[in-house]
Amino acid sequence: MTMIDTSEGEKAATAAELSSQRPLTGLARLLTAIAAVASIVMAVYLIFGVGPLLQWFVPLETQYFYVLLGLLLPIVFLMYPMNAGARDRTPWYDWTLALAACAIPFYFAFRGNDMLNEGWEYDSPMHAKVLSFAMWAIVLEALRRAGGTAIFAICLVVSLYPIFAGYVPGVLGGQSVAPEVTAGFHIFGTESILGIPMNAFANLVIGFLVFGIALQMTGGGAFFLNLAFSLLGGRRGGPAKVAIFSSGLMGSMSGSVITNVLTTGVLTIPAMKRVGFRPAYAGGVEACASTGGVLMPPVMGATAFVMASFIEIPYAQIVVAAIFPSLLYYLGLFLQIDAYSAREKMKGLPASELPRIGRVLLDGWFYITIFVVLMVMLLYLQREAQAPFYATAALLLINQFSGAHRWAWKDLEAFVVAVGRLFAELAAILAGVGLIIGALSLSGKIGSITYTLVQLAGDNILLLLLMGAVTSFILGIGMTVTAAYLFLAVTLAPALTGQGLDKLAVHLFLLYWGMISFITPPVALGAYAAASIAKSSPMKTGLEAMRLGSIIYFVPFFFVLNPALIGNGQFGEIVVVLVSAIAGIALLCAGLQGYLWGVGALDGNGLFAWPGRVLLCLSGIVLALPGSEYIGFTHWELLEIAAALGVAGVGLAWMGRRRGHAAAAA
């Protein structure tokens, strides 16, 4: 019996994350720690209502946002060099930018009441106009360093759009807005850098980021991996099933596909190869498992919190809605792996090499307890903003008394610095992304873009959905998932909801399709990260990931066309839709992997086997597709079509298998 150590994977993930950053030492490290602690204290002060309770000062929400930006944006200029050549030192101009990034927002926070009373958003004093342009440039440069050139270029162009709208031809043309008015709207208004993304970060995301880092640094990753190995490691294709289970749980903590791949992949991918999985297949499994982890409740990625703020619903409602689609995705991945393992006659790892479930639970019982506490507070008590702080406090307290991962002062310092790094990176990205919403709001183009999209689609909902899926995928290549989601949430989502589709289902649809670029060539960043561990071809790994994760291409269409699949509907309909989806996914997986439970391998005579597999795939898709008015078929009509396709597919596959056996015997 051996307990799995994740330290090497965590080191690899940390090294990958820090490869583009400067090492924070001396004064820069101290400032990062101060910024992290101050941000947490401010969040707790406001979220828990300490000010009114003790009759102390309560800042305006905009003042709170400015202070957060003044604390965190300077850290971006200390963390990220302007270019690769300045990675070993912090030059004077980065210190100057850091000072300006601190001073300007703090000045705006100090003048918060004057800003509100005098309407600076539309007519500010001359010095404030100058500072607003400087702040605009600082936010864009921080975005470039933290998010990359692609998202910087997009946000730069869109943020400037109101100034040049009068010169743009066609449907995107509009009335130009004066540069100083545009700058004032971006910096002093509540719909741009201080808008929905920053609101979600300040009021929801901070607590969950702290919880995720605390969970990782107290050994949560090792616990989940050991739990997965103890439960599934010995079964056929065990290491691949371990990857699904552990990466799904790890994704909730890290919120990053690449970090997830590097943390768990260094253990699961070699184990998969050892029991017989091809390198590209093993890498594809890990890429798919890690991608789905970011969509797995209860702690989804930052985009889910932004979504909650954007459509003004409790985060807990998004958690509940995401449960069925994420489980269906992982079910599809699990069934494909099981079918592949059965067809290839694979075994699991020896029991002597696996940790015992009793020992794992004894060592890490409190991680499960903390997750239960978090779920109760989210779903039952409806205290989503406060829940992660309670969960973090309980986790750290239990950790100090459990003895397994007790922190010393250096561990606490490393935790605080890691929190500061993550806060700074995300604040820069979300503030920059806010410029997109601000520009579209100021120019008044949201309504006209929506109208144009509906006109182009000719009121065809399926065509609108296809346009949304393709656009989400393309935007997900060059932008963060949050940026891609927000852009479509303000442009395409109104067109879809205006056609009668469920609002939450539409927004989840956009979120899911924004994630798909992580496993879809030619980009497939998650697959390429896994390929580096598997020592396989990145393109082959991406293609395997695309096939293994094929369910994610269909599930968003299923739940957006019938929201019963996200729990919105009558109980009977929810049961019918869910059971049909499970059965359909099982048939689709059988066709994709060439193995049908109860029949065996479908790799006999090619004249019959391949057509049989194609019909099985079609049968699975039709069966999983929920009946609705938009499709034009009821559940029972789809069931009849699926049954006919399935019977034909199984019959052909069976004939191919019989002929294959006969040929082999001859």
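**View 1. Helix H27 gives the most to the lining of the largest cavity, with three residues.** The model is predicted, so local features need pLDDT of at least 70, side-chain atom pairs count only at pLDDT 80 or more, and totals for chains, interfaces and linings use all residues. Residues are numbered from 1 along each chain as its sequence is written, and side-chain values use heavy atoms, without hydrogens and water. Ile551, Phe554, Phe558, Ile585, Leu588, Ile621 and Ala624 form the lining. Two or more lining residues come from each of helices H27 (551-561), H28 (571-593) and H29 (606-624). Helices are DSSP runs of H or I with at least four residues, numbered from the N terminus. A cavity is a set of points on a 1 Å grid over the protein atoms alone where a 1.4 Å probe fits but cannot get out, and lining residues have an atom within 4 Å of a point.

**View 2. The largest cavity holds about 30 Å³ of space.** One cavity of 30 Å³ or more is counted. Its lining divides into seven nonpolar residues, no polar and no charged.

**View 3. Helix H4 spans residues 61-79.** H4 has 19 residues and reaches 27 Å from its first C-alpha to its last, close to the 27 Å expected at 1.5 Å a residue. Of these 19 residues, 18 are buried (under 20% relative accessible area, 1.4 Å probe, protein chains only).

**View 4. Ala222 lies in helix H11 (residues 220-232).** Ala222 counts as buried because its relative accessibility is 15%. The C-alpha atoms of Ala222 and Thr264 are separated by 9.1 Å, with the two residues 42 apart along the chain.

How values were computed. The expected span of a helix is 1.5 Å times one less than its number of residues. Buried means under 20% relative accessible area, exposed over 50%, partly exposed in between (1.4 Å probe, protein chains only). On a 1 Å grid over the protein atoms alone, a cavity is a set of points where a 1.4 Å probe fits but cannot get out, and a pocket is an open set with protein on both sides within 12 Å along at least five of seven lines; lining residues have an atom within 4 Å of a point. Grid points are joined across faces, edges and corners, and a volume is the space filled by probe spheres set on the points. Ala, Val, Leu, Ile, Met, Phe, Trp, Tyr, Cys and Pro count as nonpolar, Asp, Glu, Lys and Arg as charged, and the others, Gly among them, as polar.
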